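Hello,

Here is the structure I promised to pass on. My notes follow below it.

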Amino acid sequence: MDVPRGFGTIRDVRLIGFYSAKDPRSDRHFVVYVIEVTLDGGSGSFLIYRRYSQIAVLSTKLHFETSVGLPPKYALQPYPLTDEQLSHRFDGLRRFVEQVFAQLKQKCLQGEQHKESSSAGLDMQVFYDFLHVHKNRPPPPLHPPLPDWASPTDSPSNTPSNLSSVSTESLDGHTWGEDSEEFVSISTTNQDDSTFASNRLRNDILQVESQAHALWNCVQAYVQAAHTFAQATSAVQMEMDRLAKMPLVNISSESLSSSCPIDGWKHLHDACGQGVIHPVRNLCHEVFPDVKQRFWNNTTIHPLNRYKTERIALETQLQASIASAISAFRDAHNQFIETQTLITPIPVPVTSSMDILQDENSIDETLPEPAPATATPSSQVYVWGRLPDAISPQPLLRPTKHSIGIGQDLAKVACGGDRLLFLTASGEVYSYSPDEKGQSFESPQLVEQFALDKALHRSVIVAIACGPQHSLAISHLGELYTWGSGEDGRLGHGDIRDRHTPRKVMSLLGQQIVQGSCGGAHSAVVTASNQLYTFGRGKHGRLGLGSNVHFHMTPEAVASLCQWKQVFCGWNFTIAVSVQGQVFSWGKQAEGQCGLGYIEADQLTPVLIEALSPYNIVHVACGYTHTLAVSDEGELFSWGLGEYGQLGKETIYQPVPQIVDVSTCLADDRVTRVYCGAFHSVATTEHNVMLTWGLNVYGACGLGHTINKDTPERLDCFNRGYELIVACGHKFTMVVERLNGPSVDLSPSQTTHGSFQKEEDLRRTKKVSWLLKKIESINYRKLWRTRILRDWESAKDSPLAHTLWRQGIPPSLRSKVWPLAIGNVLKITPDMYQLYRERAAQTRLGNMQLPSDGREHTVKLIHTDLPRTFPSLKLFDTSGPYFGYLREVLETYACYRPDLGYIQGMSYIAALLCLHIPTDRYLCFQCLANVMVHEHLFTFYLLNIELSNDYYILFDIFFDVQLPLLRQHLSHLGVPSSMFLMNWLQTLYLQVLPLEVASRVFDCFLLDGVLFLFRTALAILTMLGPKLMQSELDEALPLLQRHHMYHTYWLEILPEDKLFETIASINTPSHVYMGVEQLVQNVYFYQPGSTSPSFPQQKVRRSRYAMSDQLDGFMGGL
């Protein structure tokens, strides 16, 4: 029967009474509720019999909430229940059932069951099943006979008005399936019949279970074979498309299908997984084991009727599951076949002989034009070979577009073995390692330390390098970070400890690093002063330090008269290029990888490669035992061991550099860069032609086969006018195709924090003070850990703690200090957070009915507002790494405080907490919830002008005392304090001050409260005062609101040190101090008429610094 139509034939549903019953199988007593169902069109009515637990199950299956809830079950009440309790529960169940039916009937009349976005049809199905399962089967009464009004054959009009039956009730919960066993008396069955039924059912289950396992394996094999077929289809389609675009062919690509066979396979993989494999796995792992456990885990023989009932229930479940699996497989298979048959034949144009005789100049017009400089498409990623975590063991034999779940343009890629590093154009670093849990090749993990450094310290990563077990990165300030395996000291931190997060190499803080490379177990970097440092394993002399030491745990300069420009690390050797283009090598030479000729002794110091002296080498790449180099004229050189053809010379051993002939592959083009995998080689040209050769058994050369190549072969897969970024892994190759331009954007116009170039110049001119500041920061962190955090409760109010606090809490410690300083007076628990988090998710999806008087609907505004939060950082836009994190915290808070909801500006405070507490969403939410009721914040987010005006009045008093002339000038211009102070106080200056400065303001706000924010505002006005005094309204107001045209001026006039010196020089008048204290401590402040001076006060900790301000105010007034 069509369920919605069948539901529509029901006219009324109501409870008409209840009576006590007894289960003859267990002698348990329970209450049966009799429900009358009346049909339309004179079809009559019928009775159904349900327990309390069955009606309760109905309430859990519905997708909407009723205004009438279930009455209490009295589960803890000793039985029998009283008449009053039974009558109360009956009335509650009657109202509940009638309310459910009334709501569903209204939805049916409105036709909501036909809407895809509505769950009305599913709810009607649930209610229909509740009514039509085992109707007219009354359980035997506890005291026979069955009342006349409860008999299926009697008219329901004889329902008595008052029922006095009293019974006890079983505590066991039942679903409709469990109650399917009839409540009629069960006669004693024959033991042999029960045994026969048991054996028969068991044999049938084992038979179906075996076949289900076979089906499961076959479907998996089918999906695997389909993947291979889709890859082949995709490869054919891609090659046909490339051939059609060649200048000599010149067939419009519109004749080819734009569909992707791999996409069809992905749909097949997902559809078979969800629709076929999952239900079959559920049968094999859940249903069958459960039945066997219940019936055959011991020698007990159950009644015959129970085996029959179980067989009926199992047949119903199997039929539904298998039918669903068959239907899902058929649909998935048909859709997959359609995607594989969409390649249309390429039409062959009819060309006359006159068309062929074209002028030479017309040939140039058919060449692909470079992409326009104004276009900014997303970078495209191509991969081929055996990927590290590929689903299929079959390699990709040709360059194939691959989606990397980063969502930003890639600027650089580094690879070492199977490890990968990605650097985005905005300076974020993502990593993938097959050894790390939770990471995948398609969804690399954000290196959060760099994102935090970028946000707080304006430190942007501009270069990366990767080895098989460790990585390094270089910031635009020349700071070196390393992480990964610390064996042999390859990280340069002075020990052999592994580091899972990047750590700055402290011994190189006095140097500006410009380039680096990672070898198998050592590292090398080049500085701006053209010095070369090496560290890590020293075996075979790979460090070039003149002695065959075992390892160096800190960077050490390579002694040489050369000025170094670049360095490249092989597995156990090192190649470096001087400023003059000369190439030097050192390390293991047994396989000829150093290019020094027929010698086997290790080279312990840099030695010039004489064979390359006549050439100006511009780029070098190192593999496991071979090396490539290219000159400024495009000559390609190779040397080392080439057992797989990676030298490109049809030779196995070549200890001296020789030119690789590429004339058969290139015409009017030349090689510009080279790259090495472990045993294969890649070169790219000016016209973006790619040459590959070497080990190809895994398809790493991308030639469409798996035969090793000992000479270069051409790949024409990439567009001219784009930049190719190549990374070679052990068994695969990756190429990023992007527009030409700066790798990482450091332009001042893209940041609200000022010019990176100016900061770099400042760093160069004040290197000594910068180092002292670093050392001072290290000492501060040590004091915080040893003197304050170790015993927080007793040390937090000490003079030492306050002194360090006002200097700014070290960013690495804020994740510990801020939760302690904010506290948890609201008693936010993890369970509470999870409850509101789930409610927020349902609200965003529209699955929850919201009350009309709350503001939970503002959850939907968060998605569009987040990209405007610290936009220059690109951390919170839809593709940013913290978008989901920040959205979850804000949505949860909006549901937690429905009276407040979400208000613009709140995202800045939440983002500040997210950046400093990046790994614990519950703790971040706890801090947000508590800080929003801290001091003035809740008042300003209520957007109640009357309440906020009290703060404005006190600030104006303070303003008049501190800067009377400026106050008078702004009043004359018609600029009240509220026009700029509202934004400053509401966002805690996060919209107007650099993030690291605003973070320090937040530190002091947690210590000194809103008075510190008042003093910060006055310090800003003091420093902007000279310009404001000379400004008219059209200039003064944008300046106060920090319009984008004044970004640079704010940064120049408000440096951090000068700002906080000015804040410290401002003393708070006593009357302002007391007024703010009264506002903050008044617990009835938010109630109308709470202005009376007599009110209860809450206990808050005020700092001694604030009290000293008060005393200074007294003294100043004398």
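How many disulfides does the count come to? The count comes to 0, where a disulfide is a pair of cysteine sulfur atoms within 2.5 Å. Take Cys676: the nearest cysteine sulfur belongs to Cys622 and lies 6.8 Å away. Cys676 is buried, at 12% relative accessible area. Cys562 is partly exposed, at 23%. Buried here means under 20% relative accessible area, exposed over 50%, and partly exposed in between (1.4 Å probe, protein chains only).

A word on the basis. This is a predicted model: local features need pLDDT of at least 70, side-chain atom pairs count only at pLDDT 80 or more, and totals for chains, interfaces and linings use all residues. Residues are numbered from 1 along each chain as its sequence is written, and side-chain values use heavy atoms, leaving out hydrogens and water.

Next, the cores. A nonpolar core is a set of buried Ala, Val, Leu, Ile, Met, Phe, Trp, Tyr and Cys residues joined through side-chain atoms within 4.5 Å. The largest has 157 residues, and Trp984 and Leu1021 touch the most other members. Helix H26 (residues 1010-1029) gives this core its largest share, 13 residues. Helices are DSSP runs (H or I, at least four residues), numbered from the N terminus. Beyond four places in sequence, Trp984 has contacts (heavy atoms within 4.5 Å) that include Tyr989, Ile1020, Leu1021 and Trp1050. A second, separate core has 34 residues, among them Tyr52 and Phe90.

Last, helix H15 (residues 814-822). Its buried residues include Arg814, Trp818 and Ile822. Gly823 follows H15, with a positive phi near 80°.

Best wishes

Methods: Helix = DSSP H or I, 4+ residues; strand = E, 2+ residues; numbered from the N terminus.
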